[in-house]
Amino acid sequence: MTLELHHYIGGQWRSGAGAHTVNLQPARPTEASSEYNLATDADVDAALSSGKQSFDGWRRTPMHERARILLRTAELIERDLESLAELITVEQGKAIATSRGEVGRAAGIFRYFSHDADSPTGSLYASPRRGERILTDRGPIGQILCITPWNVPIAIPAWKLAPALAHGNTVLWKPSPVTPAIAMRLVRLLEEAGLPSGVVNLFLGTAGQAEAALRDPRIKGCTFTGSTAVGRHLMAVGAKCGIDVLAEMGGKNAAIVLADADLPWAASQITAAAMEWSGQRCTATSRVIVESAVADEFTGLLAEVVAELPVGDPMDPVTKVGPVATKHQFDSIANMLTSGIESGAAPIVGGIPRRSSTDGYFVAPTLLTGVSQSNVLFTNEVFGPVAAIVTAESVEDAFTLANQGTYGLSGSLFTASIDRALMALDEFDIGILHINSESTGADPHVPFGGFGDSGSHHKEMGELARDFFTKTRTVYLRGSRS
Ligand code: UN1
């Protein structure tokens, strides 16, 4: 399947004149999923001007009118749920059942942010002076650069674009070059929902063009999801230009299984968190820390559940694990497994993946034991269906192991003890803590974001999202008579 792709600038679809790009289908890399030319620098310049010019009209549009467009977008996403899910599966390789879930979630996110129009936008304070009140009010920032990844190619754009638009900002969107087709479809739905020209501009371009846009004075904020290295770099560039950069980055998430846990439940939840989406999720569980008293029993249980996972054609509704998204991903996972195994890790399910040049990018779900704290599989994000099992000598030791490293995104604690659960609130240094549930997932109405090398101190989604997408003005309001 080859899709004709274009950039969306000032309400017009155009083809680019930059480098010719072909994406291959991860399940069937002998066939292309998309083919297009990247944007030229002149295209990006036109997009920046369009977003700047459209800002005034959009910010003055009543918030409830903006919200109606978001609500309509949610309905259109639901109308097209099946074809959008198929597109994600062809383009990115995610199993169709999970693609459907992601599309439904994108609709829920647009719907959630349409309700921001009904929420208070400020506060009213008393004044120490007679005849005066002091109030605060939120307003949009301007044009926001949104840089989105290939692993969650419609829900992450939804959770950046929807709050940006609800609060009156315009958006310059650079999606991952791996998943351009789903980005185009979302823009077409925004257009159909009545979004005025120039309020969202989309370009398929290079990392260099994104960085140049961040340095451009027509950009007033930037939100990014991707690797820690790129996120930190963008934060540094933004800091130099006085631009706030929200960065949602990597993770090396741990699940702690204590001796009193419901072990079969923990095994099914950890399997889902580590292996579904082929582990290509910043919230994926990749270290399983088990209290020694149940280490053998739990390892056996987990290995059984993981070995039974249906791996294969992502279009098959029973498939749980499809291919990884690109050859680059496949090679990087294979290399990390090779070096982890050379340093002593032992696969008990799966192992180093192999493929012929025409095979899909399939990586078998892989569990390893014998992983030391210096092993790359303990320290580095793999972004594949791979989890390391590590034994803890005590509950305290389990938290110490879980907190190793520089990331701090999400994690799980499996226990029947309320005391241990409460202990986790003090001892587990992560942004998203799951007690007795998988480390993945993000509901639209609650904050999402990590600590350390995983985040940038801003939260996404929920009511905290507006802190990033708005600026607050303080107003001293006094009558005209002295
Ligand atoms: C989830 O776990 O469903 O890129 C959300 C990522 C995260 C989102 C994960 N920003 O994987």
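Please keep in mind that the model is predicted.

Let's begin inside, with strand S16, residues 386-392. Six of its seven residues are buried, so this strand is largely enclosed by the rest of the structure. Two neighbours pair with S16. Strand S13 (residues 285-291) runs parallel to S16 and is joined to it by five bridges; within this pairing, Val288 stands opposite Ile389. Strand S15 (residues 366-369) is also parallel to S16, with three bridges between them, and here Thr366 has Val386 as its bridge partner.

Five of its five residues are buried, so the rest of the structure largely encloses S18. In a regular strand, side chains alternate between the two faces of the sheet. You can follow that pattern along S18: Ser410, Ser412 and Phe414 point one way, while Gly411 and Leu413 point the other way, and all are buried. S18 also has parallel partners. Strand S12 (residues 253-257) is joined to S18 by four bridges, and strand S19 (residues 432-435) pairs with S18 over four bridges as well. Ser412 is a handy residue to look at here, because a residue under 20% relative accessible area counts as buried. Ser412 is the bridge partner of Ala255 and stands opposite His434 in S19.

Ile418, Leu422, Leu425 and Ile435 form a nonpolar patch on the surface, with about 390 Å² of accessible area together. Helix H14 (residues 418-427) supplies the largest share of this patch, three residues. Ile418 is found in that helix, and its relative accessible area of 60% makes it exposed.

A patch of another kind is built from charge. Lys52, Lys220, Lys471 and Arg473 gather on the surface in a patch of positive charge. Of these, Lys220 can be found in the loop between helix H7 (207-215) and strand S10 (221-225). Lys220 is partly exposed, with a relative accessible area of 40%.

Finally, consider the salt bridges, which come to a count of 19. Arg14 forms one of them with Asp43, where the closest N and O atoms are 3.1 Å apart. This pair links distant parts of the chain, as Arg14 is in strand S2 (residues 12-14) and Asp43 is in helix H1 (residues 41-60), 29 residues apart.

Lys160 and Glu460 form another salt bridge, with their closest N and O atoms 2.9 Å apart. Lys160 lies in helix H5 (residues 155-166) and Glu460 in the loop between strand S20 (451-452) and helix H15 (465-469), so the pair ties together parts that are 300 residues apart in sequence. Both Lys160 and Glu460 are buried.

For a local example, turn to helix H7, where the side chains of Arg215 and Glu211 meet in a salt bridge at 2.6 Å, N to O. The two residues are four apart in the helix, so about one helical turn separates them. Arg215 counts as partly exposed, at 45% relative accessibility.

Key
Residues are numbered from 1 along each chain as its sequence is written. This is a predicted model: local features need pLDDT of at least 70, side-chain atom pairs count only at pLDDT 80 or more; totals for chains, interfaces and linings use all residues. Side-chain values use heavy atoms; hydrogens and water are left out. Patches are made of residues with over 30% relative accessible area and no salt bridge: like charges are joined within 9 Å, nonpolar side chains (Val, Leu, Ile, Met, Phe, Trp, Tyr) within 5 Å. Accessible areas come from the Shrake-Rupley method with a 1.4 Å probe; for residues, only the protein chains shown count as cover. A salt bridge is a side-chain nitrogen of Lys or Arg within 4 Å of a carboxyl oxygen of Asp or Glu. Lys and Arg count as positive and Asp and Glu as negative; His and the chain ends are not counted. The place of a charge is taken as NZ of Lys, CZ of Arg, CG of Asp or CD of Glu. Buried means under 20% relative accessible area, exposed over 50%, partly exposed in between (1.4 Å probe, protein chains only). Two strands pair if DSSP finds at least two bridges between them.
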